[in-house]
Amino acid sequence: MTTMLEPLRRIAAYAVCTDSVDRVLLVRASERSGTPGTWSLPGGAVDHGEDPHHTVVRETAAETGLSVSVASLQDVLADMRALPERGITIHTDRLVYQVSVRGGSLTDRVDRPTDLARWFTLDEARALPLRSFTARALGLPASSADIVPDEAPEFPSFYAVPGPDGLHRAQRFAAYAVVTDPDGRVLLTRVSDGYPGAGCWHLPGGGTDYGEQPGAALIRELVEETGQTGRLIGLLGVASHRDAASLGPEGYPIDWHGVRAFYRVVVDKPAPPTVGDVGGSTCEARWFGREELGALPTDRLTEVTAEAVQAARLT
């Protein structure tokens, strides 16, 4: 039964790469992989502290022999799959990028998790056994043989493990929102004492649960942290931030790597903010007018909040 499998989480980045005649680049999983014979977008796991932009360039070169440059972020999605033969079930948060080829030549690989890289038209790709996330990224019907767990296992949203240097390390995927109402006000939350960034204003959102899609997690967090019901408008981008010795309520330094997806959200019927998760990382929620937001000192905003508000052109 898949409910008895050990749960794992990872973050990964993938490339949607097309050539001059609109063929798409795919790689085949080898016998060394958990899904031999299936085809997927080139890419792989984000190393601890690594920016996903760098991951997708590195992994594409390793799997295909081609050097690529990142053009844009296409999508962020999550899925679960069970690997009974390995005794595990994996939740993967996948960042899908549009890329273009800078140079190199296709290279086959021996004794690696992927062994072939080839160009296919979409009609040709449609006939292949595609991984489900690849079919979704290409707008094709899913034809994957992935085993989906019976239900999402229990897994902590924060999970630190000893690193090679003896310091605990944690990699976490989260979803945050730049939230506005019909009057153009912006909703922010204040970080509780004892948490990194204590006292600063932050974006609503937080870590996603095992088996949860980023957009759904964000709407859930918005209700829990502010009491508002929001409507997802679109994806703004992804940011990666590493704090080599973060100190939080755990009481010991943690080599922290956060990968965050940012969205635009609209609250059509705003209400006075209320914090439902009392005692957590959020102690206050508040609506700010544009001028009021612009007047906030930089040191009163968390770094990611300042970046996201600027990207959304709200100040």
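The following legends describe an overview and several close-up views of a predicted model.

**Figure 1. Overview of the predicted chain.** This is a predicted model in which local features need pLDDT of at least 70 and side-chain atom pairs count only at pLDDT 80 or more, while totals for chains, interfaces and linings use all residues. Residues are numbered from 1 along each chain as its sequence is written, and side-chain values use heavy atoms, with hydrogens and water left out. The secondary structure comprises six helices and 15 strands; helices (H or I, at least four residues) and strands (E, at least two) are DSSP runs, numbered from the N terminus. The C-alpha atoms occupy a box of roughly 55 × 40 × 35 Å along the principal axes. A compact globule of 315 residues would have a radius of gyration near 20 Å, and the value of 21 Å for the chain agrees with this; the radius is taken over C-alpha atoms, and the globule rule is 2.2 Å times the number of residues to the power 0.38. Of the 315 residues, 47% count as buried, where buried means under 20% relative accessible area, exposed over 50%, and partly exposed in between (1.4 Å probe, protein chains only). The chain exposes about 14700 Å², of which carbon and sulfur atoms supply 50%; accessible areas come from the Shrake-Rupley method with a 1.4 Å probe, and for residues only the protein chains shown count as cover.

Figure 2. The domain assignment gives domain 1 (6–138) and domain 2 (169–312), with bounds that come from an automatic or database domain assignment. The centres of domain 1 and domain 2, taken over C-alpha atoms, are separated by 30 Å. Domain 1 contributes 24 residues to the contact and domain 2 contributes 23 residues, contact meaning heavy atoms within 4.5 Å. In the unreviewed UniProt entry, the annotation "domain: Nudix hydrolase" covers residues 7–143 and 170–310; UniProt positions are given in the numbering used here, feature names are shortened, and annotations may be inferred rather than shown by experiment. Over residues 170–310 the chain is 18% helix and 41% strand, and the end C-alpha atoms lie 28 Å apart.

**Figure 3. The largest nonpolar core.** A nonpolar core is a set of buried Ala, Val, Leu, Ile, Met, Phe, Trp, Tyr and Cys residues joined through side-chain atoms within 4.5 Å. The largest has 28 residues, and those with the most contacts inside it are Val76, Leu95, Tyr97, Phe173, Val179 and Val238. At least two residues of this core come from each of strands S1 (6–17), S5 (66–83), S6 (88–104), S9 (168–180) and S14 (254–266) and helix H4 (214–226). Because domain 1 (6–138) and domain 2 (169–312) both give residues to this core, it lies between them. Apart from this core lies another, of 19 residues, among them Tyr14, Val24, Ala137 and Leu140.

**Figure 4. Surroundings of valine 179.** Leaving aside neighbours within four places in sequence, valine 179 is in contact with Arg185, Val186, Leu187, Pro204, Leu222, Val265, Val267 and Trp287.

**Figure 5. Threonine 35 and arginine 81.** Threonine 35 is placed in the loop between strand S2 (24–29) and strand S3 (39–40) and is buried, with a relative accessible area of 12%. Beyond residues up to four places away in sequence, threonine 35 touches Ala29, Arg81, Arg131 and Asp146. The C-alpha atoms of threonine 35 and aspartate 146 are 7.4 Å apart, although 111 residues separate them in sequence. Arginine 81 belongs to strand S5 and, at 10% relative accessibility, also counts as buried. With the sequence neighbours up to four places away not counted, arginine 81 touches residues including Gly34, Thr35, Arg131, Asp146 and Pro149. Aspartate 150 lies 69 residues from arginine 81 in sequence and 9.9 Å from it, C-alpha to C-alpha.

**Figure 6. Two aspartates with positive phi.** Most residues other than glycine have a negative phi. Aspartate 22, in the loop between S1 and S2, has a phi near 65 degrees and counts as exposed at 58% relative accessibility. Aspartate 111, in the loop between S6 and strand S7 (114–120), has a positive phi of about 60 degrees and is exposed, with a relative accessible area of 57%.

**Figure 7. Histidine 54 in helix H1.** Histidine 54 lies in helix H1 (residues 52–64) and counts as exposed at 53% relative accessibility.
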